[in-house]
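Me: I am new to this structure and would like to learn how to read it piece by piece. Could you take me through a few features slowly?

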Amino acid sequence: VSFTAMPEISTLVPQSSLVPGTELQHLKLVHGTVPTGLLRDEPIGSLGAQCIYLHDEQAERKLLDRFPGARSLPLQGTLVNHGLSRSAEGPVAVLHRTTTRLDLVLADKGRLLLSNTYYATAPEDVLYYTLFALKECGLSPDTTSLRAGGPQLAASEEHLLSNYFAHGPLPSTGTGDPALAQLAIPDAYHWTG
């Protein structure tokens, strides 16, 4: 079992810049004050970076009581790898939606362009931040493949995004993907992580 416990606070740090024991300092540089929790790190080999993260400790303990061998994965690292692996042919935007948060990854031809989190409470917030990030990275919604998921991705958000993107939003996990074989889960891509 692998899992991501939300909420998560994370940052990517180049491995060449990471001195052992400074992980929490990197999180504080990015996020300011950080809550107490279980500090973790996960290598992202394709970037030569470490994803340093803290997530909800109570949620993790509940899960580990049930599945003692479970492995924690950072949401940011999962989304970055998802975007990189699907960007070989051209630009891709990967969105992950929770109640008040939009995690967004932009990649093109195997290069990470952006990985960021935005405070988003309305469908218009999701559209605005997605279009803003594309513009800042020199990408167009006409040529960018949009992949979307997350437990709070609403049909209204998918519909609004589809008015602006020629390629998507596509479910981030298709029904034919091996991870979903034999599972009858409606809207499975809402749990793409």
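What follows is a dialogue about a strand, its partners, one serine and the nonpolar cores.

Reply: Before we start, note that this is a predicted model, in which local features need pLDDT of at least 70, side-chain atom pairs count only at pLDDT 80 or more, and totals for chains, interfaces and linings use all residues. Residues are numbered from 1 along each chain as its sequence is written, and side-chain values use heavy atoms, with hydrogens and water left out.

Me: Is strand S4 mostly covered or uncovered, and how many of its residues are buried?

Reply: In a regular strand the side chains alternate between the two faces of the sheet. Strands here are DSSP runs of E with at least two residues, helices are runs of H or I with at least four, and both are numbered from the N terminus; buried means under 20% relative accessible area, exposed over 50%, and partly exposed in between, with a 1.4 Å probe and protein chains only. Strand S4, residues 49-55, is mostly covered, with 7 of its 7 residues buried. Ala-49, Cys-51, Tyr-53 and His-55 are buried on one side, while Gln-50, Ile-52 and Leu-54 are buried on the other.

Me: Which strands pair with S4?

Reply: Two strands pair if DSSP finds at least two bridges between them. Strand S2 (residues 8-14) runs antiparallel to S4 and is joined to it by 7 bridges, with Pro-14 having Ala-49 as its bridge partner. Strand S3 (residues 38-44) is also antiparallel to S4, over 7 bridges, and here Glu-42 stands opposite Cys-51.

Me: What does Ser-72 touch?

Reply: Contact means heavy atoms within 4.5 Å. Leaving out residues up to four places away in sequence, Ser-72 touches Phe-3, Arg-40, Glu-42, Tyr-53 and His-55. Ser-72 lies in strand S5, residues 71-72, and counts as buried because its relative accessibility is 8%.

Me: Where is the largest nonpolar core, and which residues have the most contacts inside it?

Reply: A nonpolar core is a set of buried Ala, Val, Leu, Ile, Met, Phe, Trp, Tyr and Cys residues joined through side-chain atoms within 4.5 Å. The largest has 19 residues, and those with the most contacts inside it are Leu-95, Leu-104, Leu-106 and Leu-161. Elements that each supply at least two of its residues include strand S7 (101-108), helix H4 (123-136) and helix H5 (155-162), and H4 gives the most, with 4 residues. Apart from this core lies another, of 10 residues, among them Cys-51, Val-80, Val-92 and Val-105.
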